Amino acid sequence: MTAQPASPPQALGDLRVLELSDEKGQLCGKLLADLGADVIKVEPPEGCSTRRIGPFYEDQPDHNRSLYFWHYNTSKRSITLNLDTPGGQQLFRRLARTADIVLESNAPGAMASRGLGYDELSRDNPRLIYCAVTPFGQSGPWRDFKASDLTLMASGGEMGICGYDLVDDPDDTPIAPGGGNAYHIGDHYAFVAILLALYNRDLRGNGEHIDLSIHEAIALCTEGSFPEYVMTGDNRDRQTGRHASALGSPPVQFKCKDGRYANCFIPRITTEEWLRLVEWLDENGVAGDLKDDRLLDPEVLRGEMGRVLDAVRSMCTRLTADELFHGGQQRKLPWTVVRAPSDIVDDPHLRDRGFFVEVEHPELGKRFTYPGAPYIFHGTPWRVRRRAPLLGEDNVAVYHREMGMDLATLNALSETGVV
Amino acid sequence: MELGAVLSKGALAGVRVVDFTWVRAGPQSTRIFSMFGAEVVRIEWPMNPDIIRLGSPRYSAAGVTPGLDTNGDFNNFNCNKLSVTLNVRSPSGLDLIKRLIGISDVVIENFSSRVMEDWGLGYEQLRQANPAIIYVSMAGFGHSGPNRDYDTWGPAVQALSGLTFMSGLPGKPSAGWGHSYMDHTGGYYGAMATLAALHYRSRTGQGQYVDLAQVDAGCTLTGAAILDSTVNGRRTDRDGVPSGNRTHWPGTPLTDTYRGRHAAPHNAYRCAGGGRNDWCTIACFTEEEWRALAGAMGSPAWADEPAFATLLQRLEHQEELDRRIQEWTIDLNKYEVMDRLQAAGVPSAPVQSMVDRVENDPQLQHRGAFATQAEHPVIGRRIYEGMPMRLEQAPWAIWRHGPLIGQDNDYVLRDVLGLTAEEVDGNDAEGVFWPRNMVRKETLA
């Protein structure tokens, strides 16, 4: 381990996790690892398939140069182990006796068929928390269906509510937001589930089997769609850059002078807030006849929101998106700017909060800026302890130094393809 | 009260949460706790209620004047939680809240920064009374940094964090997200922070403060794109990004679009029916899956053309590829497409509407995602959203509707805080539990 003795304690610093996971469970492993858990990624000898997902460092595909892999595997260790060999299965059983958590995303039944399911592993380690993250869950009619990020965003209901007004996309294409969010949603719930089981174990001592369905996780993450259905029976229809709606709602996303877009949602505002907004519109020469005392009555103003939005749309063409963002916020409107991920790196607010972290890559002799903590723990800080592991980087540490296997045996297992 | 018996089950049995959250993100966190047996006590005040209680009249119970206890959205999002009305601006109310916190495990709030401090309920102020307290703040921009006084809601966070940008078709404005994704997700991170801190407290007895900003959490979710920028110097706002539902937009440079592996076909296709959700997705990641798709479509001659022979060829010729595939899907029901393709081993799933998910999805029915019903005194018998994780030893459960405002005053004041009847009546007369100028329980006949 690379933990420094002077480092403050971490919330999950007492835990050992075995992660057998591709894109379906890797974020959950990262969330555990960055809060201090010793997450050992157990990879097949050729490496986890996610090492082959781009983008790559300097665009050179290599199992140690995937930026995608780098992001999702910070603070973890890597060992190689062929779970399809009897020797590999035996070694895994030994490892699992030392683990608090097994996190796996194999097809339902695959681990059990190797003798490595929850029932087998918990016999030797009754306190084990075993979390299986799969597209549809361990049972049910769709259990064995093939899925991907795209298909899960479709079946879970995300795509049906994400897309465009017909004027913007006459084809009416349902859109799956990019970036792997089907797995993010699944893994957020998986991590919560593991922590729930952990607290239960802290108090009552029992292990746990967790069956997490990504499909179901997405289906339970669509906000107003559910009450809309329960209370009205209606679906919500997708609209450009804003909430889907059963009845339609006014646009909020406008193009600005610099070509970027601002999100200019106007909630129910007070007369005081309206006075600030109309003054701003007037400063930019777009208030027109909105400077009318009759609009000081909130009821009247609500009836004129179409004209207000037209004026805001005009103002956007005269200001940059950042001017809209900060100008709106200074007037207590929750306006923001649509940023590309590469815009975020320069954000002074995030920098002030210490969001970005510098991560050493000794194998390259370089350090790079990574997105950092989703939460600031004041007592037990979130931390990237090490960059994502090179393939099999920790074989000697785990098998030899921690499990006591002599190096000759380790070499022999390497040559026979077990390790 | 039988609450004690109900709350003795679940992974979080015995955990008491003082819940100052409102709207969406915070209540998402505490809904997870309440589904797993924690005693979640919402601190409410009818003059400044959770705006979801007064949400769209569309979600209000039919035939009843909309009020604080009539909203179906609030009902679902706050099931199993308790509600106590306490005036934090009165000395007695504040004292009772502090006493409650003194015997609780968690304080969680999602006000703008400094609201709790102004009430005397900041972490530093509370840790003296209860050093083991876990205190989670969930302001949109967090409690430090130059923008900490800015206001957010879900879509505002999504826009700032790059999530909105990553959703859409090239050459068009961002499609973004059709809901407050970052309110849900901020809520998940609030739950994670609380639970991780609870584990640490189990080990050491020490509580702590967690400053969670939804903006920060959102900015961790586009990591590969951020690293492509910080490591490779490649901007995200470039030709071909975002790439619609595809992994690559033909005619643009073949770079990574942060959708995982390159694959083609990889899109949504119109199906029979003509409705807005009559679409089915298909994604082929291997040659085997592509050949299986061709077979399922009846092995049309076009599929053997050289233009579709390799992944690179298919990526380049996606316009024609997608048009051809849609000529096949357009006559089929979206579930029929999925069934045929899954039988052939091809990843495929229909675009499901909310109605589909509740009524037409046998997998969600098997999991019981929307199966639990509970009776609400005003709204009636309704279904509720479940949880997507099955814990064998400690399953989630829904045992009660979202609380009527102040519904649990008796339990909290007498059973939890141990007030005598005289103390309750005295404070009540002072307006500590209900504004004196407001009709009590106006919506309850």
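Biologist: Start with chain A. How many helices and strands?
Modeller: Chain A has 18 helices and 14 strands. This is a predicted model, remember.

Biologist: And what does the C-alpha trace of chain A span?
Modeller: About 85 × 50 × 45 Å along its principal axes.

Biologist: Which domains is chain A divided into?
Modeller: Domain 1 takes 16–220 + 351–415. Domain 2 takes 250–255 + 261–338. Their centres, over C-alpha atoms, are 45 Å apart.

Biologist: What percentage of chain A counts as buried?
Modeller: 55% of its 419 residues.

Biologist: And the contacts in chain A, how many join residues at least 24 apart?
Modeller: 63%, counted among contacts between residues at least 6 apart in sequence.

Biologist: Switching to the contact of chains A and B. How many residues from each?
Modeller: Chain A gives 130 residues and chain B gives 129.

Biologist: On chain B's side, where does the largest share come from?
Modeller: Helix H8 of chain B, residues 181–204. That helix supplies 16 residues of the side that touches chain A.

Biologist: What's the make-up of that side by class?
Modeller: On chain B's side there are 63 nonpolar residues, 45 polar and 21 charged.

Biologist: Which strands pair between the chains?
Modeller: Strand S14 of chain A, residues 375–377, pairs with strand S6 of chain B, residues 208–212. The sense is antiparallel, with 3 bridges.

Biologist: Which residue is the bridge partner of Phe377(A)?
Modeller: Val210(B), in S6(B).

Biologist: New topic, strand S1 of chain B. Are its residues buried or exposed?
Modeller: Buried, on both faces. Arg16(B) and Val18(B) lie on one side, Val17(B) and Asp19(B) on the other.

Biologist: Which strands does S1(B) pair with?
Modeller: One is S2 of chain B, residues 39–44, which runs parallel to S1(B) and is joined by 4 bridges. Another is S4 of chain B, residues 106–109, also in the parallel sense, over 3 bridges.

Biologist: And where does Val17(B) sit in those pairings?
Modeller: Val17(B) has Val40(B) as its bridge partner in S2(B). In S4(B), Val17(B) stands opposite Val106(B). Val17(B) is also one of the buried residues of S1(B).

Biologist: What unit do S1(B) and S2(B) make with helix H2?
Modeller: A right-handed β-α-β unit. Helix H2 of chain B covers residues 25–35.

Technical notes:
Residues are numbered from 1 along each chain as its sequence is written. Chains are lettered from A and ligands numbered from 1 in the order in which they are written. This is a predicted model: local features need pLDDT of at least 70, side-chain atom pairs count only at pLDDT 80 or more; totals for chains, interfaces and linings use all residues. Domain bounds come from an automatic or database domain assignment. Two residues are in contact if their C-beta atoms, placed from the backbone, lie within 7 Å. Helices (H or I, at least four residues) and strands (E, at least two) are DSSP runs, numbered from the N terminus. Ala, Val, Leu, Ile, Met, Phe, Trp, Tyr, Cys and Pro count as nonpolar, Asp, Glu, Lys and Arg as charged, and the others, Gly among them, as polar. Two strands pair if DSSP finds at least two bridges between them. A residue is buried if 20 or more other C-beta atoms lie within 10 Å of its own, exposed if 12 or fewer, and partly exposed in between; C-beta atoms are placed from the backbone. A crossover is right-handed if, with the strands pointing away from the viewer, the path from the first strand over the helix to the second runs clockwise.
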